[in-house]
Amino acid sequence: MAAKSASSGKDKLIDEEEEVLQAVILADSFNKRFRPLTTRKPRCLLPICNAPLLDWTFESLALAGVQEVFVICRSHAELVKDAIKESKWSKPGSGMKIVPIMTAKETFSPGDAMRDIYTRGLVTTDFVLVMGDLVSNVRIDEVVRVHKERRRTNKDAIMTMVVKESGERHRTRARGESAVFVLDPATSECLHYEHVQGYPRTKGINIPREILEAHPEVDIRNDLLDCSIDVCSVEVPSLFQDNFDYLDIRRDFVHGILTSDILMKNIYCYVAEEGYAARVQDTRSYDSISKDILSRWTFPLVPDDNHPGGHVYEYTRGNRYIAKDNTVVLARTCNVGKNTLIGSSTTVSDNVTITASVIGQNCRIGAGSTINNSYIFENAVVGEGCSIERSIIGAGVQIKDRSRIPKGCLIADGVVVGPDATLRPFERLSVRRDEADIEADADDDDSDIEEVEANQDSIDKVGLGKDSNAIVWPRGPPADEEDDEEGPENYRNQRFMRIGDNASDLDISDGASSDSDVDSDEDESDAFDVHATDRDSISGHSDLSLSMHLQPLDGTGAGGLMADAEFRTEVTQSLERAFAEGHSVDNAAVELKTLRMASNVPLTRVKEAVVAGIVERIPVVEGDAAVQRKEIANVVGRWGDLINRIGGVDPVETVSLLQAHCASSTRMPLFGQILAALYQEDIVEEDDIRAWHALPASKAEDRKPGVETDNLQKCWMIGSHMIQQFDAQESDSESEEEEEEEEEKKPVPKAAAASTPSKPAAAPPAESSSEESEEEKKPAPKAVAASTPSKPSAAPPAESSSEESDGSEEEEESSQANTHDEESDDGTSDAVSASEDSTVPSTNPSTNVSDDEESEHEAA
């Protein structure tokens, strides 16, 4: 057996050593933030510092020791496959196996991609999940090690998210969307996740009260940069398969897992103290990460060393990088400023100024042109006297002489602009599709270029120049606000994400709840609301000065909750089914928990609906109080426990919700009886009723006068009467206890002592047993035996107990009959029961006692 166990242990070690570290790259972005640059190629193939984004991601995974990579791609899948074949990672000896996986055309979200991964059974162990636009030098292998160690003790730890601390104005910190993490400071467990976006402004977050009750200390972090690097257990894809409403990994999956009362899974954060990690998720972050690379924050992934594209650059002072193959032509009078990279075979003419920009390979820059904070892809041509400011210029673009490209412009591959063109700020241009492009887009249900091409007749193109072949993409927001995207993809929020736009003219007030909305009802909430204290939102430019407020009971706080009427309808229908079909309380609770998770509402909203449903279930009986009480008891006894089964037991809140509903219901007169029924069923206790009654909100003093306010105050008065009854019961019980104590202190009369049978005394100590046994052997005089009460002896042996018990009743009756009126000189009773005098050597103790007493009575 020992040899066998040793062998199995060795095999286990071998298996662990040979376990392949897998990674999954989601190559699609699933949004349109780079349009029109991505009409002909996916975002992951856009160059950053002259290397495709996908190659930067491969480099990041190679640093972590990843051995097998699955690249999940949908849009332009053939281009992705070709790029992988041409990369250095497909060559023998690269140390990493890359497998491109083409997903179905119906894959429109990261959640759909994860479900496809589960269907194909791609991953067999814990894996690393990243997007195809990652730039990182973080040691992901260390994160994997921490995750696996945690999994050994906690099988429910399904994910570890990598985050980094960042200042509020760090250039890679997203302004359009970020997040608030609620962490356990001891374990780094993510207790709550809340998505934050710039417009509409997120003014507060809702933290469930259960979290604060279960964890005496939490960290509420808005200073963490989400690196979008996740170490996942093998069961994560199956959770997406089981929940088709999980679309986005953060907003839906992470938030859904942490708020689920059913799944009971844990997600942790790994706060990376060293290294660099960021996603190129929009054109603004494209600009920021490009500058971070040029500033060498990503070392060892820098242009002059380990460049993912395989290029070789010479690094000079001021973060200037010039291709080292001697193919770059720089005029003597040109000025190359700091933080600039120039690719091979590029020509820069006289009097050209290039500052903080990246110039691709095989580009030509005409004399007298100025390029500032811009990015020009390969094979682009810039004419003489041109000006380009904070823009991205695609591959093969021609910008003819004296053209001006202002900030924020995106010009797609192959566009011709000018001469003498003057574009508008944030202009977006592309070319019309040819037949091959139209055929390729035929299967793409998400393509919007067809609509753009159809609307060109109504667009002013005067500023594009006479030789332009460009089509203009929509300028400004949609004419109909209903046509705008939902969530973070809405037009105004996109302004926080585009290059060159500081959104200073954007009104970021969304009219959501503010500090003034939090009224006196704040003590009755089940969730905390963290509000910003100044005009800035809880986003990239928040000053992190947060104050905690309780969310109003009416649920109007920020948080993106579903429409109140729609949710109430769903809950009402669920309760009606449970009532009509006679569901068990447990089954009804599970259905309500599922509805809460799907609707993303706080627990208070569900409990409020349950209390209302139970109250309205009670029939109103006119003129018969007894029958009415019986009906209330039946409904509360059958369904009352459902209030606590849905989670977050808070009896004080239950009474508050009952008061609020009855105040606006026709069952207002039943409030006191319903509260009494809840008390009888132990759903609320006396202390809970007192605590509710002490709340300022329960008195409704600060509310405007009206019928509902009057009803709230009536409920409070009913509570006052109930508390008075509690006090009266306590005083009655105290007086009864005092009377009993006084009765015990009074002296007992002799006659009463004689007539009352005394309780047997306790057994004597063990030391006196031998002396008593010797005295018991001596024959006692009859008179002494009759007049002196004997001490109880030790318990008799087991074999004599039956004999004593046989005659005990007969002896006791005889003893009581003969000595009822007799007393000894000291006032104690002369009668001795058979059990008390079992040690006296007399065959019939009761007969001897009666003879002596008769003789003494005659003598007297």
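## Helices H18 and H19

In this predicted model, helix H18 (residues 651–663) crosses H19 at roughly 160°. Their axes come within 11 Å. An angle over 145 degrees counts as roughly antiparallel, so H18 and H19 are roughly antiparallel to each other. The crossing of H18 past H19 is right-handed.

Which residues of H18 and H19 make the contact? H18 supplies Val655, Leu658, Gln659 and Cys662. H19 supplies Phe671, Ile674, Leu675 and Leu678. By class, seven residues in this contact of H18 with H19 are nonpolar and one is polar. No charged residue takes part.

## Helices H16 and H19

H19 (residues 671–680) also packs against helix H16 (residues 625–639). Here the angle is about 45°, and the axes are 9 Å apart. H16 and H19 are therefore oblique to each other. H16 passes H19 in a right-handed crossing.

On the H16 side, the contact uses Gln628, Arg629, Ile632 and Val636. On the H19 side, it uses Gln673, Ile674, Ala677 and Leu678. The contact of H16 with H19 has five nonpolar residues, two polar ones and one charged one.

## Inside and after H19

Which residues of H19 are buried? They are Phe671, Gly672, Ile674, Leu675, Ala677 and Leu678. Ile674 and Leu678 belong to the contact with H18. Ile674 and Leu678 also belong to the contact with H16. In an α-helix, residues three or four places apart point the same way, because there are 3.6 residues a turn.

After H19 comes Asp682. The phi of Asp682 is positive, near 65°.

## Helix H8

Helix H8 covers residues 249–259 and is mostly covered. Nine of its eleven residues are buried. Among them are Ile249, Phe253, Val254, Ile257 and Leu258.

What happens at the start of H8? A side-chain oxygen of Asp248 reaches to within 3.0 Å of the backbone nitrogen of Arg250.

## Two cis peptide bonds

Most peptide bonds are trans. The bond from Tyr199 to Pro200 is cis, with omega near -5°. Pro200 sits in the loop between strand E10 (190–197) and strand E11 (204–208). Tyr199 lies in the loop between E10 and E11 as well. Is Tyr199 buried or exposed? Tyr199 is buried, because its relative accessible area is 18%, and the cut-off is under 20%. Tyr199 and Arg175 are 24 residues apart in sequence. In space, their C-alpha atoms are 9.6 Å apart.

A cis peptide bond also joins Phe299 and Pro300. Its omega is about 15°. Pro300 is found in the loop between helix H9 (283–294) and strand E16 (313–316).

Most residues other than glycine have a negative phi. Asn50 has a positive phi, near 65°. Asn50 lies in the loop between strand E2 (47–48) and strand E3 (51–52). Its relative accessibility is 13%, so Asn50 counts as buried.

His76 has a positive phi too, near 55°. His76 is in the loop between strand E4 (68–73) and helix H3 (77–86). At 25% relative accessibility, His76 counts as partly exposed.

Where is Asn373? Asn373 is in the loop between strand E25 (370–372) and strand E26 (375–376). Asn373 is buried, because its relative accessible area is 12%.

What does Asn373 touch, not counting residues up to four places away in sequence? The list is Lys291, Thr355, Ala356, Ser357, Arg390 and Ser391. The side chain of Asn373 also makes a polar contact of 2.9 Å with the side chain of Asn372.

Notes
Residues are numbered from 1 along each chain as its sequence is written. This is a predicted model: local features need pLDDT of at least 70, side-chain atom pairs count only at pLDDT 80 or more; totals for chains, interfaces and linings use all residues. Side-chain values use heavy atoms; hydrogens and water are left out. Axes are lines fitted to C-alpha atoms, for helices over the stretch in contact, and angles run from 0 to 180 degrees between N-to-C directions. Helices (H or I, at least four residues) and strands (E, at least two) are DSSP runs, numbered from the N terminus. Angles under 35 degrees count as roughly parallel, over 145 as roughly antiparallel, 65 to 115 as roughly perpendicular and the rest as oblique. A crossing is left-handed if the near helix is turned anticlockwise from the far one by less than a right angle, and right-handed if clockwise. Contact means heavy atoms within 4.5 Å. Ala, Val, Leu, Ile, Met, Phe, Trp, Tyr, Cys and Pro count as nonpolar, Asp, Glu, Lys and Arg as charged, and the others, Gly among them, as polar. Buried means under 20% relative accessible area, exposed over 50%, partly exposed in between (1.4 Å probe, protein chains only). A polar contact is a pair of N or O atoms within 3.5 Å; within protein, one must be able to donate a hydrogen and the other to accept it, and residues adjacent in sequence count only if both atoms are side-chain atoms.
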